[in-house]
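Thanks for making time this morning.

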Amino acid sequence: MSAAPDAGARRLSPLTPVVRAPIVVIAVVGGSWQTFLSNGLGPSSLVVLALAAAGILYGIVAWLRTAYWIHDDELRIDTGVVSRQSRRIRIDRLQGVDIVQPLMARLFGLAELRFDTASGSGREGSLAFLPHREAVALRAQLLLRRDAVRAGGADGRPDGGPDGRSGAGLPSDPVTGEVPPAAPPAPPRVLAKLDLGLLLWATILSPITLVLVLGGAALLVVSWVTGAPLFAGGFVPAVLGAGFAVFRGFSAAYGFTVSDSAEGLAVRRGLTALTSQTVPLPRIQGVVVSEPVMWRPFGWARLEVSVAGSARSDDSTFSAATLLPVGPRAQVLWLARYALGGEDPTSVPLVPAPRRARYAAPLSAWTLAYGHDDRFAVSRRGWWTRRFDVAPQGKVQSVRVRRGPWQRRLRLATVLVDSPVGKVAVQARHRDEQESRTLVDDVVVRSRRARRAASSGRVAPGLL
Amino acid sequence: MLGSVDDLFAPPQADWQRVSPRLATSRRASAMLMLTVLAVLLVGFLWFVVDAGAAVVATALVALLVLAAFVWWFIGRVVRRWGYAEQAEELYITRGALVRTLVAVPYGRMQYVDVEAGPLDRMLGIATVHLHTASPGTTALVPGLVAEEAARLRDRLTELGEARAAGL
């Protein structure tokens with residue numbers, strides 16, 4: 001029996017307007033409290049109150065006008081106070097569903113669901129806010145239905161794919177048409193967990209902290225020498241700003257845990273705002289292992305990946321997807337190997353740039369190296385931040401070689417292996433001319449081979 | 001001719017297919033137009049605002065003329081060096097006068113193909129074919145294609161792209 005669509009609209013949590021209440025309103029009201037007390041209900045305070053009331057009213061109306069439905073093959077979200085917007089998200093196109101809990105929401109036990117459909121344009125839609133438990137259940141239900149729709153194939157039956165297919169085969173309740181949530185899956189295996197002490201030290205040993213300390217010291221010295229306290233005044237907001245940025249980075253990485261789940265790598269992190277994201281392994285387009293200079297004496301590194309179709313970035317510290325903000329190098333490399341389907345990118349022999357590259361890039365030429373084989377194209381470069389980029393051959397989008405006039409005189413050229421949007425950028429800088437063309441032709445051949453192998457199913461999913 | 005014989009930017013097989021010289025006409029026309037506007041503004045500024053003498057204005061004009069001549073020549077050079085070659089599995093494009101590049105784009109990696117033509121290009125009957133992959137770094141465009149050739153290339157690329165489509 002096919003499932004009836006979930007009848008009727010569903011609402012978000014009634015606490016949503018409270019959580020969404022603009023901080024500005026609260027701040028303004030809070031700030032003007034003194035004037036209320038001293039001046040009484042003058043015209044200015046009435047205006048402020050009116051604005052606050054309008055804001056709250058808007059929030060309530062917005063909540064009333066927001067509803068969502070779960071149909072057979074799509075999720076429909078209607079929003080909008082003045083201009084109505086109806087967004088439909090195809091359930092079988094859902095790449096992932098993230099659960100995010102900003103601080104205010106967390107205080108009330110609410111969570112936001114963010115949908116990612118690999119359209120590359122950021123979030124396709126979100127439901128904010130639902131009670132946390134309901135959000136978790138809804139997420140599981142949607143993903144289950146997605147797997148069922150995908151397994152169900154062309155006829156698009158929401159459930160009823162033959163048993164044995166992943167995620168399908170759960171019968172729907174004949175009365176209400178609900179698909180019951182699956183039995184809780186086995187607890188995911190934790191692959192890496194960020195140690196708090198390590199995070200603290202790594203945050204302290206970051207460039208921004210260095211700038212802060214040096215800048216602060218310089219300003220203090222100057223103001224002491226010249227005797228003018230003016231500098232101290234300008235110093236304070238700068239310190240606060242920088243300190244805030246540092247705290248945001250810290251709080252975004254707090255409690256970072258990477259686990260292995262059925263959908264891929266599950267990343268949970270956050271101090272004030274809890275975020276849980278999923279990175280499906282087949283969509284990983286490459287990894288970057290970075291080692292800033294200040295971490296190198298301790299052997300720490302960061303692991304980032306490029307994930308196809310996700311442009312999510314709430315915190316500037318997490319541009320692509322960070323798989324591990326800081327960790328011992330061995331652990332980072334192990335996790336990188338895991339993300340790349342079990343193959344070891346460090347086994348690719350690296351060839352350094354020719355000596356005359358010094359004349360093209362005197363400061364960094366000695367750090368440049370490149371290598372490729374049938375599995376990966378890898379490159380290493382940089383001193384301030386030593387980065388090791390890995391692009392699986394099957395994920396290469398295009399290959400370029402570029403030669404500027406200065407390089408021409410030195411008979412050098414730069415080869416760039418293009419990966420999809422993200423941080424990964426494998427580059428063979430300042431290589432010998434002849435070698436460059438050979439590299440380009442070779443990568444073209446090998447990536448073609450890898451693509452063919454992938455489409456014929458001969459390669460492990462991680463390298464597809 | 002495609003500039004000096006250069007192994008690094010040699011075509012994968014046979015020869016590079018050239019773009020139409022009408023591209024040079026189009027680019028030169030728009031460059032000259034911009035320079036004319038710039039000249040008028042500059043002369044106006046020098047003469048009326050700064051009250052510079054005739055000598056200064058003349059020098060400025062001569063400098064602009066020299067610049068115009070250089071731009072004219074440079075555009076010709078760039079257009080001469082633009083080439084493309086359709087291989088079995090990839091499209092190769094080479095371009096650049098000062099900074100030369102060569103890009104190899106597999107057909108299966110194409111996300112979509114644009115054909116664009118500004119008003120000047122349309123008047124001259126040429127268009128630009130622009131390929132996009134999932135990588136923002138892939139700058140694969142071929143301007144100055146005669147309209148039929150642009151259409152043919154676009155159709156061929158679309159057809160090959162679908163035939164060899166590789167998932168992400």
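Let me begin with A:Arg431, which is buried at a relative accessible area of 1%, where buried means under 20% relative accessible area, exposed over 50%, and partly exposed in between, taken with a 1.4 Å probe and on protein chains only. The side chain of A:Arg431 meets that of A:Glu435 in a salt bridge, at 3.1 Å from N to O, and by salt bridge I mean a side-chain nitrogen of Lys or Arg within 4 Å of a carboxyl oxygen of Asp or Glu. A:Glu435, for its part, is partly exposed, with a relative accessible area of 26%.

Before going further, a word on provenance: this is a predicted model, in which local features need pLDDT of at least 70 and side-chain atom pairs count only at pLDDT 80 or more, while totals for chains, interfaces and linings use all residues. Residues are numbered from 1 along each chain as its sequence is written, chains are lettered from A and ligands numbered from 1 in the order in which they are written, and side-chain values use heavy atoms, with hydrogens and water left out.

A:Arg446 lies in helix α11 (residues 433-455) of chain A and A:Asp374 in the loop between β15 (369-372) and β16 (376-381) of chain A, so the pair ties together parts that are 72 residues apart in sequence. A:Asp374 counts as partly exposed, at 43% relative accessibility, and salt bridges link A:Asp374, A:Asp442, A:Arg446 and A:Arg449 in a network.

Now to the place where the chains meet. How many residues of chain B are in contact with chain A? There are 30, and they touch 32 residues of chain A, contact meaning heavy atoms within 4.5 Å. Between them the chains bury about 2,400 Å², 49% of it on carbon and sulfur atoms, where buried area is the accessible area (1.4 Å probe) that two parts lose on being put together, summed over both.

Across this interface the rule finds two salt bridges, and A:Arg452 and B:Glu89 meet through their side chains in a salt bridge at 3.1 Å, N to O. On the side of chain B that touches chain A, β3 (90-95) and β4 (100-106) of chain B each supply at least two residues, and β4(B) gives the most, with seven.

The strands themselves continue across the boundary, in that β18 (residues 398-403) of chain A and β4(B) pair in the antiparallel sense over five bridges, with pairing taken to require at least two DSSP bridges between two strands. Within that pairing, the bridge partner of A:Val401 in β4(B) is B:Leu102.

Inside chain B, strand β1 (residues 17-18) runs antiparallel to β2(B) and is joined to β2(B) by two bridges, with B:Gln17 standing opposite B:Tyr84 in β2(B). β2(B) in turn pairs with β3(B) in the antiparallel sense over four bridges, B:Gly83 stands opposite B:Thr94 in β3(B), and a hairpin joins β2(B) to β3(B) through three residues.

In a regular strand the side chains alternate between the two faces of the sheet. In β2 (residues 83-86) of chain B, B:Gly83 and B:Ala85 point one way and B:Tyr84 and B:Glu86 the other way, and all are buried.
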